[in-house]
Structure formats: structure tokens, C-alpha cells
Amino acid sequence: MKFSEMTQDSWAELQLYLDTCLIPYTALSGEQSPVEATEALERLRDFLDLVEIPFKGRIMTYPAFHYVNSELSMTLNSLSAQLKSSGFKYVVIMSSDGHLDGVEIPAADLVLSRSVLTHEVGEEGIARFIGEKIRELWKK
């Protein structure tokens, strides 16, 4: 479910079920042409579908964090902590193009980078791997 689909009344009603917040990270540098930026957003959308579709009803997707900056880990960590203090039990950060390996985000429960996963499990294994990681997260 997207944040924009939520009303105040429905949030109060569904908050118990929507315990996981998804933060998309586009990883734009500002050097991309409009066409390249659109392509990056489309890749991110397709990557997010691997979580949003099978886990609909428990995942709330927040607005994307679009741009790379020198304090990325601190920014994403602060955002994750704030989202947890607002009522989410879990925070998952996903990026199709961003390189998040080695980035310290202790307040996030799961960080998924398509470029890393492609290297580790192959393109065909990504959906299964992500599903397993999300289910493991919820079993904690």
C-alpha cells in the first residue's frame, strides 16, 4: 500500500496490520538526463514490486529518497528511526541502482540492493531471496 492511499481514519484502523515501512532509494546523482532518471525510477518500481505485490496488506511504501549525498547512511538511519517511533515495527530500504553494501544503517531492519543481490544470487534468484528475507524479518 502506498502512503498516499491512506487517510487518517484508515491509518488508525490498519496500523496494527501495516507494521513494515518500505523506503525506496533511487540513488540519483543529479547528472542523469530526464530519460535516465525515468529509467532509474522504472527499475526501482520493478524492484519494489518484488515486495509490494506478494506482501500487500502488511507493507506501507513511503516516498522515495532520491538523491545520493555524503551523509546518506546518517540520513537513512535517522529516517528509519523516526518511522519506527511513528509506529512501524520494521523498516526496509530498497534500491535498484544504489550501492548500499557497507553503508551502516542500524535503525533499518533490512537493506536490499538489486545490484548486490544480482551478484550474490543471480537475477532469477532475487524474488525468492527477498521473500525469504522478509519472512525471516517478521519471525524475529
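**View 1. Helices α4 and α5 meet at roughly 110 degrees in this predicted model.** Helix α4 spans residues 114-121, and helix α5 spans residues 126-139. Their axes come within 10 Å of each other. Angles from 65 to 115 degrees count as roughly perpendicular, so α4 is roughly perpendicular to α5. On the α4 side, the contact is made by R114, L117, T118 and V121. On the α5 side, I126, F129 and I130 take part. By class, this contact has 5 nonpolar residues, 1 polar residue and 1 charged residue.

**View 2. F55 and W138 form an edge-to-face aromatic pair.** A search of the whole structure finds 3 aromatic pairs, and F55 with W138 is one of them. A pair of aromatic rings is described by the distance of the centres and the angle of the planes. Here the ring centres are 5.2 Å apart. The planes stand at 90 degrees, so the pair is edge-to-face. F55 lies in the loop between α2 (34-52) and β2 (59-61). W138 belongs to helix α5. Residues under 20% relative accessible area count as buried. F55 has 9%, so F55 is buried. W138 has 16%, so W138 is buried.

**View 3. Y62 and F88 pair edge-to-face.** The centre-to-centre distance is 5.6 Å. The angle between the planes is 90 degrees. Y62 sits in the loop between β2 and β3 (65-67). F88 sits in the loop between α3 (72-85) and β4 (90-95). The pair therefore ties together parts that are 26 residues apart in sequence. Y62 counts as partly exposed, at 29% relative accessibility. F88, in contrast, counts as buried, at 3%.

**View 4. R58 lies over the face of W138.** The distance from R58 to the ring centre is 3.9 Å.

View 5. The protein has 5 helices and 5 strands. Read along the sequence, they follow the pattern α-β-α-β-β-α-β-β-α-α. The protein has 140 residues, and buried residues make up 41% of them. Consider the contacts between residues at least 6 apart in sequence. Of these, 70% join residues at least 24 apart.

Terms used: Residues numbered from 1 in each chain as written. Predicted model: local features only at pLDDT ≥ 70, side-chain atom pairs only at ≥ 80, totals over all residues. Heavy atoms only, no water. Axes fitted to C-alpha atoms, helices over the stretch in contact; angles between N-to-C directions. Helix = DSSP H or I, 4+ residues; strand = E, 2+ residues; numbered from the N terminus. Parallel < 35°, antiparallel > 145°, perpendicular 65-115°, else oblique. Contact = heavy atoms within 4.5 Å. Nonpolar A, V, L, I, M, F, W, Y, C, P; charged D, E, K, R; others polar. Phe/Tyr/Trp six-rings, centres within 6.5 Å; stacked < 30°, edge-to-face > 60°. Buried < 20%, exposed > 50% of the residue type's maximum accessible area, 1.4 Å probe, protein only. Lys NZ or Arg CZ within 6 Å of the ring centre and 35° of its normal.
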